[in-house]
Amino acid sequence: MKKIIMNLIQKKPNWIKVKFPIGKNYKNLQKLVSLHKLNTICQSGSCPNIGECWEQGVATFMILGNVCTRSCRFCGVKTGRPENIDWKEPEKVAKSIKILKIKHAVITSVNRDDLKDMGASIWIETIKLTRKFNPGITIETLIPDFKGEQKIIDQIIDLNPEVISHNVETISRLTKKIRIQAKYDRSLKVLQYIKEKNKNIRTKTGIMLGLGEKKEEILETMKDIKNSQVDILTIGQYLQPSLKHFPVHFFVLPEEFKEFKKIGLKIGFKYVESGPLVRSSYHAEKHVK
């Protein structure tokens with residue numbers, strides 16, 4: 001696999017650079033998020049597509065606060081002891097989606113391993129109120145692994161969101177280094193369990209490249225994901241949020257991403273989003289169709 005090896009100053013190639021967001025819709029959404037004290041993974045995760053998506057009125061809302069109980073080395077979300085639950089958060093999110101006239105909502109959350117139900121109650125209320133205030137809306141829930149607790153996962157499945165996604169993030173060999181409190185096999189089992197419980201729900205996952213994986217490991221991971229009956233796969237370039245995070249080992253060329261897309265479709269995924277700036281929620285509205 002061809003790749004651009006990182007140098008010490010971490011200079012990004014031209015195809016990674018994005019324009020600074022300045023559009024009217026972007027500013028309006030920025031004001032709305034600030035006014036209602038909402039959290040988005042777009043901001044917390046330092047997503048490079050924030051300008052494009054927000055200008056189109058598309059955002060991924062992050063519930064259960066903005067502090068995660070896990071310490072994944074790739075993620076820009078803060079790690080620590082979260083604050084108390086904001087029980088008004090589900091209604092704030094639902095009403096904001098209505099104001100923005102969003103037709104397809106993506107909702108995610110931090111991990112809340114400190115809570116007995118790991119945040120399921122807020123998840124359930126957010127989905128219910130989003131539907132209540134936005135009749136006809138379609139929903140993607142980008143969920144944590146909930147430690148593989150099927151009774152908790154069942155509560156999400158029972159609400160029948162159009163898409164349930166959970167990110168594998170990286171290959172098996174690197175999982176312990178990158179996702180310290182997570183497990184590669186557990187993530188795959190969560191995805192497979194969702195499909196087995198409700199075959200009509202589309203399942204989805206995403207992986208990052210540039211962490212030190214080899215091409216054969218990427219292909220093996222793609223096969224593992226497909227064997228877990230996942231419908232949709234996203235593949236993007238890992239970008240280091242700060243110097244404290246896991247370093248980028250290399251940048252993958254755009255043509256390599258195109259190759260992985262072809263391979264993914266060939267092995268049976270219904271939809272593959274693959275490119276340097278692709279993130280799990282990128283073009284999410286297309287994944288529900």
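Thr 141 counts as buried because its relative accessibility is 0%, buried meaning under 20% relative accessible area, exposed over 50% and partly exposed in between (1.4 Å probe, protein chains only). The structure is a predicted model, in which local features need pLDDT of at least 70 and side-chain atom pairs count only at pLDDT 80 or more, whereas totals for chains, interfaces and linings use all residues. Residues are numbered from 1 along each chain as its sequence is written, and side-chain values use heavy atoms, with hydrogens and water left out.

Thr 141 lies in strand S6; helices (H or I, at least four residues) and strands (E, at least two) are DSSP runs numbered from the N terminus. Leaving aside residues up to four places away in sequence, Thr 141 touches Ile 107, Trp 123, Ile 127, Ile 156, Pro 161, Val 163, Ile 164 and Ser 165, contact meaning heavy atoms within 4.5 Å.

Trp 123 and Ile 127 are among the buried residues of helix H5, as are Ala 120, Ile 122, Ile 124, Thr 126, Leu 129 and Thr 130. These buried residues pack against S2, helix H4 (89-99), strand S5 (104-109), strand S6 (138-142) and helix H6 (150-157). H5 itself covers residues 120-133, 14 residues in total, and reaches 20 Å from its first C-alpha to its last, close to the 20 Å expected; the expected span is 1.5 Å times one less than the number of residues.

The strands form an open sheet of seven, in the order S2-S5-S6-S7-S8-S9-S11, with parallel pairing; two strands pair if DSSP finds at least two bridges between them. Strand S2 (60-63) and S11 stand at the edges with a single partner strand each, so one side of each has no neighbour in the sheet. The twist averages 20 degrees from one strand to the next.

Within this sheet, strand S9 (residues 232-237) is mostly covered, with six of its six residues buried. Ile 232, Thr 234 and Gly 236 are buried on one side of S9, and Leu 233, Ile 235 and Gln 237 on the other. Six bridges join S9 to strand S8 (residues 202-209), the two running parallel, and Leu 209 stands opposite Gln 237. S9 also pairs in the parallel sense with strand S11 (residues 271-274), over four bridges, where Ser 274 is the bridge partner of Ile 235.

Key
Axes are lines fitted to C-alpha atoms, for helices over the stretch in contact, and angles run from 0 to 180 degrees between N-to-C directions.
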